[in-house]
Amino acid sequence: MYIRVSEIPGGGLDVFASRGKASIPRVLEGMDPAPLRELRLVDADLFLTVESGDIWIEGSFEARGEGVCDRCSDPVTLRLGKAFQTFLTPKSRDRAPAASVELHEEDLDVGYYDGTGVETDDILWEQVALELPLKVVCSEACRGVCPVCGKNRNLDTCTCVAGEAKGPFEILKNLKGKKE
């Protein structure tokens, strides 16, 4: 949902209180949740304030995702969430040349907007995407699938010896030295 800077009152704007909490589940529609199969936004808060044309954003979210464990292929349900703060300044504002600017840690939360308004869904998409895991695991103690016999080592024990499995290129060893 697009919010114009002129719509933000002096005391700030609570986006979901003013637009309705019913819109929260639809915020992530169209977002690629990879490596998860599905991702739903359960709760979100977003508070915008304007000061001298700059937009200060404070928010939080809670999301639930479903995927498959990368180690054992069991279904996994994850809970994601965090509180965040960010700062948006108009793109048109004069900035110092890039060669003469030293970035500090607090500068990493600065973004730019077109000067007329901001798309709140994009802000939440970015924050949710930053919380997505690189690998989905059912637990840190997951032992995965045996590469030899294919058993889920979390459920069954196997007597396979490491290195026992033949690789896909094993047959090429027999070709060495043979000529037709």
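Colleague: How many helices and strands does the secondary structure come to?

Modeller: Keep in mind that this is a predicted model. The protein has 2 helices and 7 strands. Read from the N terminus, the elements follow the order β-β-α-β-β-β-β-β-α.

Colleague: And what order do the strands of the open sheet have?

Modeller: The general idea comes first: strands in a sheet pair through backbone hydrogen bonds, either parallel or antiparallel. Here, 5 strands form an open sheet in the order β2-β3-β4-β5-β6, and the pairing is mixed. β2 (13–14) and β6 (110–113) each have a single partner strand and stand at the edges, so one side of each has no neighbour in the sheet.

Colleague: How do strands β3 and β4 run, and how many bridges join them?

Modeller: They run antiparallel, with 13 bridges joining β3 (residues 38–51) to β4 (residues 54–68). To see the pairing yourself, find E51, which stands opposite D54 in β4.

Colleague: Which strands does α2 lie across?

Modeller: α2 lies across β3, β4 and β5 (75–90), and runs at about 130 degrees to β5.

Colleague: Now the surface. Is I171 buried or exposed?

Modeller: A residue counts as exposed when its relative accessible area is over 50%. I171 has 60% relative accessibility, so I171 counts as exposed. Look for I171 in the segment after α2 (120–131). Together with F169, L172 and L175, I171 makes a nonpolar surface patch of about 460 Å².

Colleague: What share of the protein's residues count as buried?

Modeller: Of its 180 residues, 31% count as buried. The protein exposes about 12100 Å², with carbon and sulfur atoms supplying 51% of it.

Notes: Residues numbered from 1 in each chain as written. Predicted model: local features only at pLDDT ≥ 70, side-chain atom pairs only at ≥ 80, totals over all residues. Heavy atoms only, no water. Patch = residues over 30% accessible without salt bridge, like charges linked within 9 Å, V, L, I, M, F, W, Y side chains within 5 Å. Areas by Shrake-Rupley, 256 points an atom, 1.4 Å probe, with all protein chains shown as cover. Salt bridge = Lys/Arg side-chain N within 4 Å of Asp/Glu carboxyl O. Helix = DSSP H or I, 4+ residues; strand = E, 2+ residues; numbered from the N terminus. Buried < 20%, exposed > 50% of the residue type's maximum accessible area, 1.4 Å probe, protein only. Pairing = 2+ DSSP bridges. Contact = heavy atoms within 4.5 Å. Axes fitted to C-alpha atoms, helices over the stretch in contact; angles between N-to-C directions.
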